[in-house]
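This report describes selected features of the structure shown below.

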Amino acid sequence: MYKDLDNLIMYRELGSDCILRNLADAFRAFDEKSCSMQELTGRIYREIRRLLSLGTDFGFDKNLWHDYIAYILVTNENPFTLTAECTELEEGSVRNFILSDIKIFIRLFCYDFSVIEKELQLDCFSTISNYKAIQKRATLYNKDVSEKVRGLSDSINRIIFETDKAGLDDETTAEAVLEVLTDFYRKHGVGALGLNSAFRVCENDEFDNPSAPENVPSTANSSADSMVLPGGVRLTSIRNNSEIRLDDLIGYDIQKKRLRENTEAFLAGSPANNVLLFGDAGTGKSTSIKALINEYENRGLRMIELYKHQMKKLSTVISGLKNRNYKFIIYMDDLSFEENETEYKYLKAVIEGGLETRPDNVLIYATSNRRNLIKETWNDTNDVELDKHRSDTLQEKLSLVSRFGVTIPYMRPNKKEYEAIVSELAERAGIVADSDEGQTGFSKEKLLEEAGKWSVGHGGMSGRAAQQLIDSLT
């Protein structure tokens with residue numbers, strides 16, 4: 001194993017504390033007899049424990065070793081994998097280097113642990129090769145990563161079995177595996193960005209201590225859950241996204257249409273604008289943006305959530321994303337600024353105004369309850385205000401919102417619209433049937449009566465209030 005790892009070229013950077021490399025070092029010590037059997041067993045058990053933790057985090061099953069090798073292949077960001085997600089691999093010297101690495105990974109995939117198990121009287125490798133995972137809810141592990149890694153693992157296993165059964169040589173097997181890999185990179189990408197659709201920017205305490213958790217075998221700069229952008233900002237995946245889609249949001253058809261049109265133009269490579277969704281609370285602004293991930297993830301859309309207090313990192317984030325083969329929406333929820341807050345100046349400079357042009361694969365989508373984002377007071381227009389250039393002050397406050405090319409209002413529904421939302425949600429939840437009495441004993445008339453009472457005590461008529469009512473009744 002260690003001799004093969006020493007011969008890797010393109011996939012050579014596996015990280016400083018990689019399970020595979022640590023096991024290879026243990027096997028080297030076994031061959032060289034440079035440590036006691038007890039110490040060697042402890043080193044192997046440590047890596048097996050980490051492998052089991054990794055399998056738990058990502059829902060691996062059947063053969064943890066196969067899934068782990070596939071995990072390395074899909075998370076290793078190198079010149080080949082980053083190029084393969086953008087374009088097809090051509091014939092040439094680089095292809096020969098890659099095929100050499102693929103042959104090594106095939107040998108690792110089929111590695112025979114029986115010798116070391118016999119000498120050390122272990123059975124841990126046999127156990128992880130015939131592993132049965134505990135069934136658990138998908139919300140407890142990263143389902144997206146699990147499905148993609150296990151799918152690749154099964155494909156590689158099938159190729160090796162079929163080519164071996166047909167008596168084909170190693171070169172043919174490597175070519176077939178390389179074809180599957182390049183198809184994977186082109187379809188999904190590589191690293192955390194390829195395996196996940198939504199991310200958040202890490203907080204300062206996470207950023208100041210960026211070492212990966214013990215159970216995450218990092219590659220040079222990426223794992224299945226997180227990555228460090230050029231410039232040092234770490235992104236962490238958001239595992240359990242809401243599965244809502246735009247059609248699930250009742251009403252606001254014009255608003256959703258404008259949001260779709262801008263987003264689809266963006267994904268098609270046509271000119272598109274930054275978007276501001278503003279209006280009353282609970283009307284579906286945030287839901288509309290979150291729904292875009294489920295609508296367009298398969299077309300290469302990725303979303304990065306960034307909070308107001310992280311605004312200084314915005315330019316670094318954008319700079320680190322510009323060379324990737326995805327379309328990124330930087331999502332800022334509930335964006336607004338008080339008079340004494342100046343973070344908005346970073347946002348102004350990044351959107352339009354800085355020397356560096358915003359890359360074509362990045363847009364900013366924000367929601368706010370304020371139309372103009374920055375708090376305005378009567379003093380801004382008061383004739384007796386001491387500010388000599390009060391019009392300049394007003395323009396400074398209005399200049400941020402003008403940088404959003406698309407502004408979409410989400411206003412509170414009237415009574416008729418609110419009742420329509422309640423009725424539709426109730427029907428989806430199975431609370432009210434067309435008959436006089438529904439499954440819970442509510443007629444439609446009684447339901448609407450309850451909806452009116454609910455809105456009085458829960459912030460008025462809104463889609464959020466309607467959903468809360470239905471949740472309460474169910």
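How are helix 13 and helix 14 oriented to each other? The model examined here is predicted.

## Helix 13 and helix 14

Helix 13, residues 253–267, packs against helix 14, residues 285–296, at an angle of about 45°. The two axes lie 12 Å apart. Because angles under 35 degrees count as roughly parallel and those from 65 to 115 as roughly perpendicular, helix 13 and helix 14 are oblique to each other. Their crossing is right-handed.

On the side of helix 13, the contact is formed by Leu-259, Arg-260, Thr-263, Glu-264 and Leu-267. Helix 14 contributes Ser-288, Ile-289, Leu-292, Glu-295 and Tyr-296. Sorted by class, this contact comprises five nonpolar, two polar and three charged residues.

## Helix 2 and helix 3

Helix 2 spans residues 19–32 and helix 3 spans residues 37–58. Their axes come within 10 Å and cross at roughly 160°. An angle over 145 degrees counts as roughly antiparallel, and helix 2 and helix 3 are therefore roughly antiparallel to each other. The crossing of this pair is left-handed.

From helix 2, the residues in contact are Ile-19, Asn-22, Leu-23, Asp-25, Ala-26, Phe-27, Ala-29 and Phe-30. They meet Leu-40, Arg-43, Ile-44, Arg-46, Glu-47, Arg-50 and Leu-51 of helix 3. By class, nine nonpolar, one polar and five charged residues make up the contact.

## Cysteines

A disulfide is a covalent bond between the sulfur atoms of two cysteines. The structure holds zero disulfides.

Is Cys-18 buried or exposed? Its relative accessibility is 2%, so Cys-18 counts as buried, the cut-off being under 20%. Cys-86, with a relative accessible area of 44%, is partly exposed.

Ile-351 belongs to helix 16, which covers residues 344–351. With a relative accessible area of 4%, Ile-351 is buried.

Which residues are in contact with Ile-351, leaving aside its neighbours within four places in sequence? They are Asn-274, Arg-358, Ile-364, Arg-403 and Phe-404.

Notes: Residues are numbered from 1 along each chain as its sequence is written. This is a predicted model: local features need pLDDT of at least 70, side-chain atom pairs count only at pLDDT 80 or more; totals for chains, interfaces and linings use all residues. Side-chain values use heavy atoms; hydrogens and water are left out. Axes are lines fitted to C-alpha atoms, for helices over the stretch in contact, and angles run from 0 to 180 degrees between N-to-C directions. Helices (H or I, at least four residues) and strands (E, at least two) are DSSP runs, numbered from the N terminus. A crossing is left-handed if the near helix is turned anticlockwise from the far one by less than a right angle, and right-handed if clockwise. Contact means heavy atoms within 4.5 Å. Ala, Val, Leu, Ile, Met, Phe, Trp, Tyr, Cys and Pro count as nonpolar, Asp, Glu, Lys and Arg as charged, and the others, Gly among them, as polar. A disulfide is a pair of cysteine sulfur atoms within 2.5 Å. Buried means under 20% relative accessible area, exposed over 50%, partly exposed in between (1.4 Å probe, protein chains only).
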